[in-house]
Number of protein chains: 2
Amino acid sequence: MMTSTSTSKETAYQQLLQELDSIKQLSRAASVLEYDKMVFMPMNEHSSMARGKQSAALAAVIHEKSIQPKIGELLDEAQTVVTDPEQKRVLELARKEYEKKIRVPTELAARKAQLSSKSYKAWTEARAANDFSLFQEPLRECIATAIEVANCYKKTEDDNRSVYSILLDNYEVGMDPARIDQIFDQIKAALVPLIERVLGPDATAPSQEPLQGTFDIEQQKQLCQTIVKQMGFDDTHGRIDVSVHPFTMSLNPHDVRITSRFRENEWYQGLAATMHEGGHAIYEQNLHPASRPIDEALSMGMHESQSLFWERHIGLSKEFWDYATPIVNEHLGTNHSPEALYGAVNYAKKSFIRVEADELTYPLHVILRFEIERDFIQGQLSVEDIPARWNADFHTLLGLQVPSDEQGCLQDIHWSMLAYGYFPTYLLGAAAAAQLAHYCAKDIPDMKDKIKKGEFLEIKSWLTNKVHQHGKRYPSLDAHFEAELGEPLNPSYYIDYLVNKYTELYQC
Amino acid sequence: MMTSTSTSKETAYQQLLQELDSIKQLSRAASVLEYDKMVFMPMNEHSSMARGKQSAALAAVIHEKSIQPKIGELLDEAQTVVTDPEQKRVLELARKEYEKKIRVPTELAARKAQLSSKSYKAWTEARAANDFSLFQEPLRECIATAIEVANCYKKTEDDNRSVYSILLDNYEVGMDPARIDQIFDQIKAALVPLIERVLGPDATAPSQEPLQGTFDIEQQKQLCQTIVKQMGFDDTHGRIDVSVHPFTMSLNPHDVRITSRFRENEWYQGLAATMHEGGHAIYEQNLHPASRPIDEALSMGMHESQSLFWERHIGLSKEFWDYATPIVNEHLGTNHSPEALYGAVNYAKKSFIRVEADELTYPLHVILRFEIERDFIQGQLSVEDIPARWNADFHTLLGLQVPSDEQGCLQDIHWSMLAYGYFPTYLLGAAAAAQLAHYCAKDIPDMKDKIKKGEFLEIKSWLTNKVHQHGKRYPSLDAHFEAELGEPLNPSYYIDYLVNKYTELYQC
């Protein structure tokens with residue numbers, strides 16, 4: 001009897017994996033459609049509409065399959081017997097996804113989807129008109145709807161998590177707003193005075209001139225391909241393409257694609273974007289190929305830590321430019337010194353636009369957004385007060401007067417897409433990247449020499465060992481770092497990195 | 001009461017269209033996956049397997065949706081009221097597809113799918129070993145299975161169609177084997193003596209030298225793009241790519257993609273393939289965008305008539321080379337005369353391999369296959385006797401001794417894929433193309449002058465008017481031509497075209 005029961009229970013786990021796998025395959029099919037749309041599809045209105053219909057039909061099938069009662073039954077059945085910790089974690093992750101889906105009524109899910117496209121349109125119009133008032137009503141509706149969805153996600157009546165905490169969990173699993181406060185406050189306290197000093201009137205900024213000129217696009221592409229392959233991106237298990245906005249898409253660990261974009265008059269942005277996406281891609285290529293729920297990237301913050309590790313802690317290092325300068329000179333027909341390029345790529349400047357900000361000022365852009373969205377989600381900030389709050393905070397943090405909403409609170413797409421809780425992951429990722437760089441250098445004593453020679457294999461393997469291979473095994477970034485590095489996320493490493501680097505570089 | 005019933009019946013038709021549309025969207029999603037696999041996907045074993053799983057998951061969903069009883073109910077309901085001829089045709093086509101799917105038991109459908117990949121493997125091995133006996137057993141199983149499926153398709157107990165007739169209907173709707181006999185016999189009777197005369201010892205063949213040399217691949221691509229766009233292929237509603245085997249794929253009429261392939265030492269095959277696929281693509285781009293069952297291409301034969309119209313009746317004409325020669329010379333850095341290129345591209349020669357055959361000898365390759373497959377499907381030819389039959393027929397038709405099965409009955413993939421009834425569509429398409437060219441020249445008296453100047457717009461519009469826009473409105477190629485040209489398919493036009501051209505060109 002025992003054996004028979006046990007076999008039937010084991011079968012429930014296996015059956016569940018099969019159900020989840022068929023949903024996963026369909027989701028990957030949807031990703032192929034998305035990649036094709038962003039990179040290959042002819043850009044005409046009709047083909048966009050047709051692709052929209054294809055994706056919607058597929059999304060409907062995926063949703064239908066994801067909320068099948070059968071999955072709930074298999075989860076219940078499997079849960080009573082599974083003892084292996086890995087299998088238990090698989091069940092936990094699968095249940096969480098399943099419950100999130102079944103808890104949201106179809107009407108609400110449809111309303112949310114419709115609202116996204118309506119508010120996106122309102123946002124683009126408001127931004128074009130530089131008039132926040134046009135976005136106020138849609139934004140109120142977005143916030144109310146996001147809160148409604150978050151309330152559905154509450155596990156039980158005594159789930160005491162705040163709404164913002166639940167929203168945050170969508171992007172940064174297991175991370176609490178109070179913990180972010182603690183981390184961000186430490187960063188803010190260190191960075192505000194550092195930036196005042198480094199970017200103040202007495203500092204000497206390096207010249208950006210070596211990055212400018214006229215550069216063949218094809219040569220830029222080849223330069224980027226050479227470097228990203230050297231980093232460890234396996235282009236026999238992926239592709240490198242061009243698109244309007246750089247992004248990474250994994251169709252499975254053996255087909256991970258990155259895109260970049262290139263400009264004729266500046267070559268470094270293309271390389272930075274390629275290395276950034278390359279970091280995301282290397283994470284995806286080194287996840288376990290079994291494709292169970294546990295075999296996915298941990299969180300947005302952890303993902304960003306991988307892209308920023310390569311973009312910053314490799315790509316902005318002195319040693320990297322010893323390796324990369326000859327390759328740049330060869331491809332672009334230039335004759336720069338490693339020192340000149342190291343200075344140029346590390347040029348920092350206060351600016352209004354987040355996506356154009358450098359590693360030194362970027363954290364304050366994120367902190368500003370985090371504090372504002374946390375407050376309006378918690379009902380402590382009215383939508384109509386956002387512009388004034390934004391401009392006041394910006395002045396406090398960076399000492400600049402925001403000239404317009406277009407360059408202020410209307411610049412980002414996120415709030416129009418109900419993506420509340422997304423912004424902080426950028427800075428959590430940056431802090432995590434610095435911490436990983438610190439521990440990597442401890443474990444690989446000749447790391448600097450290796451970077452100088454372009455020998456990245458051991459560094460990539462170290463990241464796979466500490467991060468990639470674990471997928472979603474841990475419940476949070478803190479728990480992951482605690483287990484693998486010996487301490488939870490610690491922003492001191494990022495602060496030290498910025499203080500040391502910019503004090504030296506800007507000679508102040 | 002009447003009004004209420006009528007409304008509810010009209011709704012059944014609309015509901016049916018919606019159901020069919022969601023299946024169509026998923027099928028198009030499957031095509032995106034297929035195109036990506038053939039053109040963009042990194043070529044590693046794991047990514048192929050992963051894509052296989054994605055496609056299989058999607059195919060299962062499409063199948064499930066296609067056999068929903070709801071579709072049968074909506075068909076029944078709609079059929080009782082619909083009076084508009086176009087709507088009636090939509091219902092007829094939808095019912096046919098639905099019944100074909102529900103009539104095949106799941107077990108048989110699965111067995112057929114498994115058999116395809118098994119027999120494909122056996123075929124490649126037999127061909128590599130040049131040993132037909134290795135393919136005999138799998139081929140017997142393929143034939144038996146295809147017959148089993150065809151018997152499921154029989155509408156009723158008194159459906160007296162032969163099995164081969166039912167198989168043929170999959171590729172060439174409404175075409176009867178006896179009608180093909182009639183058409184092919186006429187072609188055979190004219191071509192066997194013509195080929196003996198034209199390719200005999202007294203004839204003077206033109207030189208192929210102008211096609212050979214060393215040619216930049218990028219320049220060849222640009223040459224082909226220039227010409228196919230001039231033909232009327234709209235690359236803002238499609239793409240032109242490179243793949244191992246040239247093909248056309250429509251993702252919807254506003255996103256139709258063609259691929260070609262290029263060799264360094266010969267430039268014309270790439271252009272011929274591009275024009276051929278361009279012809280297929282122009283058909284797909286000009287189908288009605290509503291994407292109902294009636295808005296699809298009529299048949300394989302009609303599709304082939306479009307590719308061959310452009311490849312042969314435009315691309316192999318004297319007038320075309322007046323237009324194209326300067327473009328070729330400019331792109332390839334050559335200095336040929338239109339006369340030299342016209343001769344070179346029309347070089348004909350007896351050969352063993354179908355896919356390498358020219359327009360003059362190609363028909364006999366098809367007739368041979370048609371007669372053999374018809375006979376083995378009807379039980380009049382045993383599988384083990386295929387090689388002897390093939391070689392004897394080949395000698396009768398082309399006067400050559402087939403040196404090996406690899407160059408004989410093992411050369412084509414079709415029979416290993418259960419695609420019985422496919423071969424004849426190639427020649428039906430060729431005959432249809434010649435007939436269309438004849439009527440097009442009648443309706444556009446200055447067609448030759450237009451071709452000389454590369455003015456293809458009116459020709460393309462004529463094809464859209466006579467062929468493309470009608471989709472699947474007519475029950476067969478014969479009926480379509482009868483209605484739009486005034487006579488059914490008539491192979492005399494193809495015969496006359498070949499006799500006149502090759503008598504002049506080979507001076508015999």
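Q: How are residues and chains labelled?
A: Residues are numbered from 1 along each chain as its sequence is written, and chains are lettered from A in the order in which they are written. In this predicted model, local features need pLDDT of at least 70 and side-chain atom pairs count only at pLDDT 80 or more, while totals for chains, interfaces and linings use all residues, and side-chain values use heavy atoms, with hydrogens and water left out.

Q: How many residues does each chain bring to the contact?
A: Chain B brings 32 residues and chain A brings 33 residues, where contact means heavy atoms within 4.5 Å.

Q: What area is buried between chain B and chain A?
A: About 2600 Å², with 62% of it from carbon and sulfur atoms. Buried area is the accessible area (1.4 Å probe) that two parts lose on being put together, summed over both.

Q: And how many salt bridges cross the interface?
A: The rule finds 4 between chain B and chain A, each a side-chain nitrogen of Lys or Arg within 4 Å of a carboxyl oxygen of Asp or Glu. B:D36 forms a salt bridge with A:R257, and their closest N and O atoms are 2.7 Å apart.

Q: New topic: how many disulfides are there over all chains?
A: The count is 0, a disulfide being a pair of cysteine sulfur atoms within 2.5 Å.

Q: Where is the nearest cysteine sulfur to B:C152?
A: That sulfur belongs to B:C142 and is 16 Å away.

Q: Is B:C152 buried or exposed?
A: B:C152 counts as buried because its relative accessibility is 18%; buried means under 20% relative accessible area, exposed over 50%, and partly exposed in between (1.4 Å probe, protein chains only).
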